[in-house]
Structures are given as C-alpha cells and as structure tokens.
Amino acid sequence: MDQDLSQLHQLFDHFTEPVLLKINEDFPYFNESARELLPFLSCLPESDINFVVSVVDQDFCVSSSHFSNGNLFFFRPLPPEKGINAQVLLDISPKLRDYLSSLSAATEQLENSLDQSGHLSLYERPLAIQEQAIHRLFQLVRYAEFTDPLSEVDYPASMLDFVSLCFDITDEAKYLAELADITLTCTCTPSLLLTMGNIDLLRQLILALLSNALKAAGTNGSVSMTLRHLNGRAILSVKDSGTVVASDRMPGLFRDSLPERLPLSDERSALGLYVARKIVSFYHGVIMAESRPDIG
C-alpha cells in the first residue's frame, strides 16, 4: 500500500485537477486540488463509471478506475457554458407568471365547457399541446427565477423532519406515477432526520429530482427514492429505470445556461436539474448524476 501511495504522489501531486483515492470510507490519497472537495464526497459511487458532479459551485466530469483495493477518481472541471442570458426572463417573470396562470385557468374553463357540451373529444389534442406549452413556459419562468442568487432572507430556514417530507412528496407524486404505470417507492433508513432548511426550497428540490426521474422512466418504468444519513449528511438518491443518458449530454445536465431550444417531448429537460443544483449549492451540498445500462 505504501508503494502504491508513493506512486500516486509522484504522478498526481502536481496535477491542477483534483485526483483522489477512496477505499471504503477513507481517502488515503488526495492531491492539493482535491483537498477542498473531501468534506462533500462521502457518497462517491464504488464502481468504475463516469459521472458528473456539482460541488463547491463547480461542475466536474468524473472518471474512476480500480486501484489498490479502492477507486481512483479524476475530476475534470467543466468550463462555464455560454447560453441565452436569463436576465430578460428574470425581469419579466412576475408578469409572465401571472399571464400564464390566467391562461391556464382559462384553458381549464374551456375544457369544462367543451366537456359539458359533448365536444371535448374534438379538441383533446390541441388542448393537450396547449397545456404542455404552458407547462414548459412555467418551467422557463421558474428557471429564470432561480438565476438570481438564493438568500436566507427570501428562504428562511426552520426545523423540519426530512424523512416526513420525503414520504409526503412521494405520496403526492404516486398519483401521477400511477397514471403513467410507473412504480414509485421511497425508503428512508432513519425514521427521523431533523434538519434546518426552507421547506419550500426542499420541496422543490425533491420534486425536481422526482419529476426528472419519472419522465426518464417512461410507461411501465420504476423510480425509487432513498434517504440515508451518513457522516452528518443527508444522502438522497433517486434512481429510474429509463434509458441511458448519452455520454455527450452528461456534462450538460446541471449547466447554468438556458437551452438553445425547448427540449422535444421525448427528451429529458435539464431545467429541473438546474433548479435542483441551485438549491443543493445553496445548502453547501453536492449533486451528482450517473447513468448505467444495467440500472438507469
């Protein structure tokens, strides 16, 4: 083991990119670039895979390989992605949200009127397209609102039970999951996990992760959410049975720019994951994503 560590020091001590060795729950080797990441990396996967992680306000593409009874991780920083400036949307988002709410309410009234008159079946498809467009626009408004830095003034923290929150939101989402024939489960190792946080932000975090997973799982798929408590941190994992994310799309999952176009109906939207990343960063946490053919 000493010889292996000596070899790592010779090879990677001068690297500007973070490199570390994890064996079980210990880090017997890490270079100086990886030092500030260590407090956040207790939940690194124990397998030879590539994944993306957002930690300390920096996105990394991470590769790992087996080394000396553990895993050697290489963190490649991803450059800031240029995209559409969200400031314009941020400025108009309050009015836009009001207009969309009115349009959504009017659409619901129109559906009720058509249903009562017996003509709803003639307009189901255009109404469905309109409702989807409204939903996508709400997503963009929410995205724009989250481009502003989060503050404790706007989102004050209070004591809450994270376990109860996970179960409550899972129960709410099960109705939508059942409509799509998706199996949704939630498992929490601790029966009680008290933490300080803003319940609205944490709700949005869990909903964003579940929404992304449900869309990825597809009809007859499955989604599981697991909450663990490890080394003083809450580890929330969401897995889906969906298809593998293309390797060229992985680095952009958490990026902080608007897409050049709205995703097509059969594509996964990264907007929810962007919101999740912002909330996790606000609480000095870590968010990571991996995609494997045998898992999802």
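Predicted model: local features only at pLDDT ≥ 70, side-chain atom pairs only at ≥ 80, totals over all residues.
In strand β5, the bridge partner of Leu 20 is Phe 73, while in strand β2 the residue bridged to Leu 20 is Phe 30.

**Strand β1 and its neighbours**

Strand β1, residues 19–23, pairs in the antiparallel sense with strand β5 (residues 70–77), and this pairing runs over four bridges. With strand β2 (residues 26–30), β1 also pairs in the antiparallel sense, here over three bridges. Between β1 and β2 lies a hairpin with two residues between the strands, in which Asn 24 takes a positive phi near 60°.

Because five of the five residues of β1 are buried, the strand is largely enclosed by the rest of the structure. Val 19, Leu 21 and Ile 23 point one way from β1, whereas Leu 20 and Lys 22 point the other way, and the residues of both groups are buried.

**Salt bridges**

Side chains of opposite charge can pair when their charged atoms come close. A search of the whole structure finds three salt bridges, and they are set out below with the separation of nitrogen and oxygen.

| Salt bridge | N to O separation |
|---|---|
| Arg 35 and Glu 32 | 3.1 Å |
| Arg 277 and Asp 59 | 3.0 Å |
| Glu 172 and Arg 203 | 3.0 Å |

The salt bridge of Arg 277 with Asp 59 has its side chains meeting at 3.0 Å, N to O. This pair links distant parts of the chain, since Arg 277 lies in helix α6 (residues 271–282) and Asp 59 in strand β4 (residues 58–67), 218 residues apart. Both Arg 277 and Asp 59 are buried.

In the salt bridge of Glu 172 with Arg 203, the side chains meet at 3.0 Å, N to O. Here too distant parts of the chain are linked, with Glu 172 in helix α4 (residues 162–179) and Arg 203 in helix α5 (residues 199–217), 31 residues apart. Glu 172 is partly exposed, with a relative accessible area of 44%, and Arg 203 counts as partly exposed at 25% relative accessibility.

For the salt bridge between Arg 35 and Glu 32, the closest N and O atoms are 3.1 Å apart. Arg 35 has a relative accessible area of 44% and is therefore partly exposed, whereas Glu 32, at 56% relative accessibility, counts as exposed.

Note on methods: Residues numbered from 1 in each chain as written. Heavy atoms only, no water. Salt bridge = Lys/Arg side-chain N within 4 Å of Asp/Glu carboxyl O. Buried < 20%, exposed > 50% of the residue type's maximum accessible area, 1.4 Å probe, protein only. Pairing = 2+ DSSP bridges.
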